[in-house]
Amino acid sequence: MTIRGSFWSVRSNIFYYAFFMNINLKPGNMQCLLGSHSVLNDTHLLFSYDNRSSDRRPYDRHYGESYRRLDYSRDRDREHGTPRNYYSRDASPSYDYRGGHDREREDSYRRKGSRRKHKRRRRRTRSYSPSSSRSDSGTRALCVRDDEEGHLICRSGDVLQERCTHYEIVSTLGEGTFGRVMQCIDHRRGGAHIALKIIKNVEKYKEAARLEINVLERINEKDPENKNLCVQMFDWFDYHGHMCISFELLALSTFDFLKENNYLPYSISQVRHMAYQICLAVKFLHENKLTHTDLKPENILFVNSDFTITYNVEKKRDERTVKNTAVRVVDFGSATFDHEHHSTIVSTRHYRAPEVILELGWSQPCDVWSIGCILFEYYLGFTLFQTHDNREHLAMMERISGPVPSRMIRKTRKQKYFYRGRLDWDENSSAGRYVRENCKPLRRYLLSEAEEHHQLFDLIEAMLEYEPTKRLTLAAALRHPFFQSTICSHLCLTPKNPEDSHAKRDTMGLN
């Protein structure tokens with residue numbers, strides 16, 4: 001009876017499988033299906049998958065820590081690598097996102113038997129749901145499928161519908177470890193073009209996306225009119241296991257523009273305008289008890305990156321000048337509230353504050369250090385701290401800003417970097433020669449002796465103060481003389497309509 005019962009159960013499942021897969025159940029096909037072990041397994045999964053319980057884990061900063069730690073600790077190759085940001089048109093290389101406890105969790109999954117392993121594999125790679133109907137424009141319906149890495153498989157013309165949302169995919173703007181960013185037509189918003197961030201169907205990244213959504217909702221709540229220059233989130237939803245976030249559509253990042261312009265620095269007036277906007281946006285975050293923790297040129301995007309071209313006769317090359325320097329701060333996936341757990345390591349290597357390297361704890365001042373590094377890069381076209389090693393990073397800091405304060409040395413747990421109260425560094429080694437040849441005191445990087453150039457470096461110097469408690473606050477930065485000139489009084493009034501800002505710049509002859 002057991003055998004007979006199993007047979008009828010299997011046959012019943014096969015009829016359901018054939019119904020969903022549109023298979024004609026002739027005797028030959030029936031025999032083929034009965035003899036296929038993989039079909040039976042898949043048939044079982046077809047029904048068990050729909051009964052899965054949705055995981056609505058509460059926001060937990062601890063849970064996303066390994067994701068963030070690995071993201072921050074990876075080093076960027078400026079010449080050959082590609083940055084990760086929301087709207088970059090270049091794809092960044094993927095990397096192993098699993099931390100130690102994640103590998104342990106994966107091992108525990110294996111121990112729970114092959115049935116669950118097959119279930120997880122099916123969730124990742126197989127179609128499990130039909131899409132919604134076609135759009136009015138005649139575009140094809142999307143069959144929801146994931147690739148082996150968890151990316152949603154979609155192409156131009158596909159339509160994503162969830163609740164009242166209706167997004168028609170136009171093109172891919174960028175790809176990162178977290179997922180992809182697509183340019184879409186938002187039919188609910190009258191056909192407006194938006195950027196849709198589609199997160200991988202991987203729990204680690206989905207949880208990080210939930211944390212980002214939490215921050216973006218707070219920003220929208222505190223700044224409904226988007227006056228503080230943080231990227232605006234329009235909506236978010238869960239699309240068949242993929243967290244999706246829609247944003248205003250922005251242009252190139254300030255790093256991508258720099259890269260495509262052969263790392264030609266921005267003009268001093270452009271640096272001033274961008275610096276003011278960044279300080280204003282991040283000050284708004286700090287006032288709302290948030291620390292961004294991942295400020296870098298890749299996460300500062302132009303609203304419009306249109307440019308003019310002039311030919312440099314001396315260097316025999318075309319040089320671009322961006323027309324409008326209105327920017328937005330993006331990527332709040334790592335932003336942390338004051339009351340939340342603070343990961344040990346934050347920030348991308350080149351913009352990481354000394355208190356983070358020395359594991360002394362961090363708060364809002366670490367953002368200010370990052371901004372100082374960003375302004376230097378805008379002004380000169382290259383990174384201030386081009387390194388991949390903590391000890392070498394500290395040596396560069398000492399070469400540029402003087403010795404690390406003794407108080408910080410005494411308090412740090414990282415005593416391996418110091419000897420008898422000083423940085424343990426051999427200046428005669430190859431690394432020592434590299435630092436000596438490529439780094440110099442900050443003021444020696446000045447390109448001009450004009451007052452506004454000295455004012456900029458005075459601002460950067462105050463932002464690169466070692467001691468977080470002594471570091472310049474952004475409220476004080478906005479009152480700095482660098483921003484008080486007559487030109488700045490016009491530049492720093494960033495209107496809601498970017499074209500108005502562009503018109504003001506044209507009037508002043510700054511474009």
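Which strands does helix α7 (residues 203-222) lie across? Helix α7 lies across β4, β5 and β6, and runs at about 35 degrees to β6, where axes are lines fitted to C-alpha atoms, for helices over the stretch in contact (heavy atoms within 4.5 Å), and angles run from 0 to 180 degrees between N-to-C directions.

This is a predicted model, in which local features need pLDDT of at least 70 and side-chain atom pairs count only at pLDDT 80 or more, while totals for chains, interfaces and linings use all residues. Residues are numbered from 1 along each chain as its sequence is written, and side-chain values use heavy atoms, with hydrogens and water left out.

Helices (H or I, at least four residues) and strands (E, at least two) are DSSP runs, numbered from the N terminus. An open sheet is formed by six strands in the order β1-β2-β3-β4-β6-β5, with antiparallel pairing, and two strands pair if DSSP finds at least two bridges between them. Its edge strands, β1 and β5, each pair on one side only, and the twist from one strand to the next averages 35 degrees. Strands β5 and β6 pair in the antiparallel sense over six bridges, and Tyr239 has His242 in β6 as its bridge partner.

| β1 | residues 159-162 |

Lys197 counts as buried because its relative accessibility is 3%, buried meaning under 20% relative accessible area with a 1.4 Å probe and protein chains only. The side chains of Lys197 and Glu212 are joined by a polar contact of 2.9 Å, that is, a pair of N or O atoms within 3.5 Å, of which, within protein, one must be able to donate a hydrogen and the other to accept it.

How values were computed
Buried means under 20% relative accessible area, exposed over 50%, partly exposed in between (1.4 Å probe, protein chains only).
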